[in-house]
Amino acid sequence: MKRVLMFFLLLLALSPLFAFSFFYGAGGEGERLDDENHYAGLSIDMGFSFFSEPYLMLDAEVVLSPLFESVSLNLSTSPFATPVRLAFLFPNPVLYSPKLRIGAQYVYRDGWYYKAELALLNFRDTSFEYEFLTPILLIDALDYSLGYGVRLVKFTYFI
């Protein structure tokens, strides 16, 4: 706990060096951990980006279905962005920016998992990010068994 507190104090002390941006989002996802354990629910997350652009972001996410299902702490990056015009989906020009997210997840009644996501259908404009059909890979922290999931859609707002 002391290390986490020291990390955030150091981050706060160095904040004038970076342009932080805070965000929150909501989406729908489902995961299958093994033959007996699976769930689907509403994911709510909040976090911050270390830069004015979302090159490196840290977020915490909670999944509710209708009560608590899981909580995770994630680190994500969007290494590049390229402009696209998809008039049938977005009224304004957006940037295509695939995102890689890794983290640790605690699932209620099942324990800890390592989590990796690859959002190939990730689009963003000046204030919003739109993510569609993101595959999720889960690895059990105890016996290294595999699980999987999918995030159907996620909308994020950058403050």
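Which residues is serine 70 in contact with, leaving aside its neighbours within four places in sequence? In this predicted model, the list consists of Tyr39, Glu61, Val62, Val63, Gln105, Tyr106 and Val107. Serine 70 itself lies in strand 4, which covers residues 68-77. Its relative accessibility is 2%. Buried means under 20%, so serine 70 counts as buried. Tyrosine 39 contributes a polar contact as well: its side chain pairs with the side chain of serine 70 at 3.0 Å.

The bond in question runs from serine 65 to proline 66. Its omega is near -20°. Proline 66 is placed in the loop between strand 3 (57-64) and strand 4.

Positive phi values were then examined. Leucine 133 has a phi near 50°, a positive value in a residue other than glycine. Leucine 133 belongs to strand 10, residues 128-140. Its relative accessible area is 53%. Exposed means over 50%, so leucine 133 is exposed.

Tyrosine 144 also has a positive phi, of about 60°, although it is not a glycine. Tyrosine 144 is found in the loop between strand 10 and strand 11 (146-158). With a relative accessible area of 57%, tyrosine 144 is exposed.

In summary, serine 70 is buried in its strand, and its side chain makes a polar contact with that of tyrosine 39. Leucine 133 is exposed, and tyrosine 144 is exposed.

Note on methods: Residues numbered from 1 in each chain as written. Predicted model: local features only at pLDDT ≥ 70, side-chain atom pairs only at ≥ 80, totals over all residues. Heavy atoms only, no water. Helix = DSSP H or I, 4+ residues; strand = E, 2+ residues; numbered from the N terminus. Buried < 20%, exposed > 50% of the residue type's maximum accessible area, 1.4 Å probe, protein only. Polar contact = N/O pair within 3.5 Å; in protein donor to acceptor, adjacent residues only side chain to side chain. Contact = heavy atoms within 4.5 Å.
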